[in-house]
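Here is a short tour to read with the model open beside you. Take the headings in order, or jump to the part that interests you.

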Amino acid sequence: MTTIGVLALQGDFREHREMLEGMGVLAGEVRTARDLDGVQGLIIPGGESTTIVKLLRTSGLLEVLQRRAREGLPIWGTCAGMILLANRLDEAGLPALQAMDITVRRNAFGRQVDSFETDLAIPILGNDPFHAVFIRAPIIEAVGPGVEVLARLPDGRPVAARQGPLLATAFHPELTRDTRLHRFFVEQIVGQSQGSCLTCGTPIERRSHEGPREAACRPTVLCIDDDPLVLHFDRTFLEGQGYRILVTEDGLSGIEIAKQERPDVILLDVMLRGLSGFDICRKLREEHALADTPIVFLTVFDSPNLRAIARAAGATGVLHKPADPEMLVAVIEQVLHGKIIPSPRESCSEP
Ligand code: GLN
């Protein structure tokens, strides 16, 4: 059975533990390296980040947690916990775990509005807003290309994000009665690292002939799509299949990410905001380094000329949405190995 650890050095760890237990999840308080044995995921609670870091140092847990984070332990940082996860802080303070490609500003809301509550849209949790409690909260100032923003304030600033097995929220879900984020962490993030499907909960078998891939040799797939649900699916499902996934909702930033990261495959939506996927594809092809990168359109757009237009724009192939997950993986593997992919009609998943 899955056990979730809650770092219990300082802050509101008890509330997290009680919420997990209320959901029927085994939870253990973590104070020493040994307490980490046998936990499949860890929550770092809110509190006072400098105090928590000090206690992590004196208990020797800091290096252990840094190593476990590098090895892929699912970790969710709430508020001060998010500060601990960050690679970069905006101020002089030293980053602690340096696990997540985010820049975080502490106490971002100033003294007057130290604390406030607001309803946030968090699409991965469904349509109902999430009542979020912010207490002397930090904010995410910048995210790297591998980070998926899950929620923003009305002014656009990110307050929840995910990067593979890492989840960060600037607010305190454990102080509400809403268990959806705890469920998301346990069932989907920890579940994925344990090998169960993220969207339907059934076990995902890794491709058995290959075994788990070393991080360094996982093919990188860049997904450019302005539908957060599609990005979420691409990321969670394809990561479960052993790929490294980069996502972006914006075509032009997709080009920048592609130039920097040189993905092995690009999945590209056609009907993007701003420039269309066809335009983005043409621009990608203008980059010398990306001239041969496989680009597969993944689109609901349909027209008898789709394949011809896609090829003229420089695409390697086309898949219709919603793509059958197995077909998606088969096509990625085909283009990775330089084989011709099926025509759109053959690749079409829906009846
Ligand atoms: N302001 C705190 C810090 O910087 C975080 C507050 C919280 O976790 N609620 O550590």
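## A buried threonine

Let's begin with Thr 220, which is in contact (heavy atoms within 4.5 Å) with Arg 244, Leu 246, Pro 263, Asp 264 and Val 265, leaving aside its neighbours within four places in sequence. Thr 220 belongs to strand β13, residues 220–224. Helices here are DSSP runs of H or I with at least four residues, strands are runs of E with at least two, and both are numbered from the N terminus. With a relative accessible area of 6%, Thr 220 is buried. Buried means under 20% relative accessible area, exposed means over 50%, and partly exposed is in between, using a 1.4 Å probe and protein chains only.

## What kind of model this is

This is a predicted model, in which local features need pLDDT of at least 70 and side-chain atom pairs count only at pLDDT 80 or more, while totals for chains, interfaces and linings use all residues. Residues are numbered from 1 along each chain as its sequence is written, and side-chain values use heavy atoms, with hydrogens and water left out.

## The protein as a whole

The protein has 12 helices and 17 strands. Of its 351 residues, 53% count as buried. Among contacts with a separation of 6 or more, 64% are between residues 24 or more positions apart. The accessible surface is about 15,700 Å², and carbon and sulfur atoms hold 50% of that; areas come from the Shrake-Rupley method with a 1.4 Å probe, and for residues only the protein chains shown count as cover.

## Around the ligand

Which residues are around the ligand? They are Gly 46, Gly 47, Glu 48, Ser 49, Cys 79, Ala 80, Ile 83, Arg 106, Asn 107, Ile 135, Arg 136 and His 172, where the cut-off is a heavy atom within 4 Å. By class, this shell has 4 nonpolar, 5 polar and 3 charged residues. Ala, Val, Leu, Ile, Met, Phe, Trp, Tyr, Cys and Pro count as nonpolar, Asp, Glu, Lys and Arg as charged, and the others, Gly among them, as polar.

A polar backbone atom of Gly 47 is 2.9 Å from a ligand oxygen, and one of Ala 80 is 3.0 Å from a ligand oxygen. A nitrogen atom of the ligand lies 2.9 Å from a backbone N or O atom of Ile 135. On its own the ligand has 300 Å² of accessible area, and the protein covers 94% of this.

Most residues other than glycine have a negative phi. Cys 79, however, has a positive phi near 55°; Cys 79 sits in the loop between β4 and α5 (80–85) and is buried, at 4% relative accessibility. Asn 107 has a positive phi near 45°, lies in the loop between β6 and β7 (115–120), and is partly exposed at 36%.

## Helix α4

In α4 (residues 61–70), the buried residues are Leu 61, Leu 62, Val 64, Leu 65, Arg 68 and Ala 69. Seen down the helix axis, they fall within an arc of 165°, so they line one face; the arc is that of the directions from the axis to the C-beta atoms. Their cover includes β1 (3–7), β2 (26–30), α2 (33–36), β3 (41–44), α3 (49–59) and β4 (75–78). Just after α4, Gly 72 takes a positive phi of about 105°.

## Helix α10

Leu 306, Ala 310 and Ala 313 are buried in α10. They fall within an arc of 65° seen down the axis, so these residues line one face of the helix. Ala 308 and Ala 312 are exposed on the face turned away from that buried side. The buried residues of α10 pack against α9, β16 and β17 (317–320).

## Asp 90 and its partners

Asp 90 is in the loop between β5 (86–89) and β6 (100–105), and is partly exposed at 32% relative accessibility. Its side chain makes a polar contact of 3.2 Å with that of Arg 105. A polar contact is a pair of N or O atoms within 3.5 Å; within protein, one must be able to donate a hydrogen and the other to accept it, and residues adjacent in sequence count only if both atoms are side-chain atoms.
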